[in-house]
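Please read these notes with the model open.

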Amino acid sequence: MSSFSEEQEALVVKSWGSMKKDAGEWGLKFFLKIFEIAPSAKKMFSFLKDTNVPLDQNPKLKIHAKSVLFMTCEAAVQLRKAGKVVVRDSTLKKIGATHFKYGVVDEHFEVTKYALLETIKEASQEMWSVEMKNAWGEAYDQLVSAIKTEMK
């Protein structure tokens with residue numbers, strides 16, 4: 001696993017700190033970006049099947065989106081201290097198994113990474129920089145690597 005520097009950690013902590021209080025709103029924007037880029041991704045979420053509720057008003061999507069953003073960002077924040085990806089509230093094994101079950105492939109992770117970076121860019125506004133983008137990209141890549149290890 002590649003290293004995650006103190007500078008990268010500081011950028012991740014700073015930007016997550018600015019968006020954490022509105023994690024529900026940013027989480028929903030994150031998922032709406034995913035579905036804008038890859039509309040077919042909606043089929044991978046059982047709670048989005050057979051519903052006419054608009055995505056931006058779907059209570060189950062709001063809950064899921066907030067928890068995914070929160071888990072991703074919290075994992076990024078403690079990456080350097082822990083020296084590895086640590087996920088609270090659910091195991092990497094469970095996350096890996098779910099992603100495997102729904103047929104998640106590399107392209108899905110790439111779309112998700114792009115949507116995540118765009119969401120953080122929007123949320124962090126003038127704080128955003130190439131260094132911040134690289135820090136979040138590295139943290140996300142390490143999280144995905146840990147999830148893929150458990151995809152079986």
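1. Is Phe 31 buried or exposed? Phe 31 counts as buried because its relative accessibility is 4% (buried means under 20% relative accessible area, exposed over 50%, partly exposed in between, with a 1.4 Å probe and protein chains only). Phe 30 is also buried, at 2%.

2. On sources: this is a predicted model, in which local features need pLDDT of at least 70 and side-chain atom pairs count only at pLDDT 80 or more, while totals for chains, interfaces and linings use all residues. Residues are numbered from 1 along each chain as its sequence is written, and side-chain values use heavy atoms, with hydrogens and water left out.

3. Rings of Phe, Tyr and Trp (its six-membered ring) pair if their centres lie within 6.5 Å; planes under 30 degrees apart are stacked, over 60 edge-to-face, the rest tilted. The count by this rule is 6 aromatic pairs. One of them, Phe 30 with Phe 31, is edge-to-face, at 5.3 Å between centres and 75 degrees between planes.

4. Phe 45 and Phe 47 make a tilted pair, because their planes are at 55 degrees, with centres 5.7 Å apart. Phe 45 is buried at 17%, whereas Phe 47 is partly exposed at 22%.

5. The lining of the largest pocket divides into 23 nonpolar, 10 polar and 4 charged residues (nonpolar: Ala, Val, Leu, Ile, Met, Phe, Trp, Tyr, Cys and Pro; charged: Asp, Glu, Lys and Arg; polar: the others, Gly among them).
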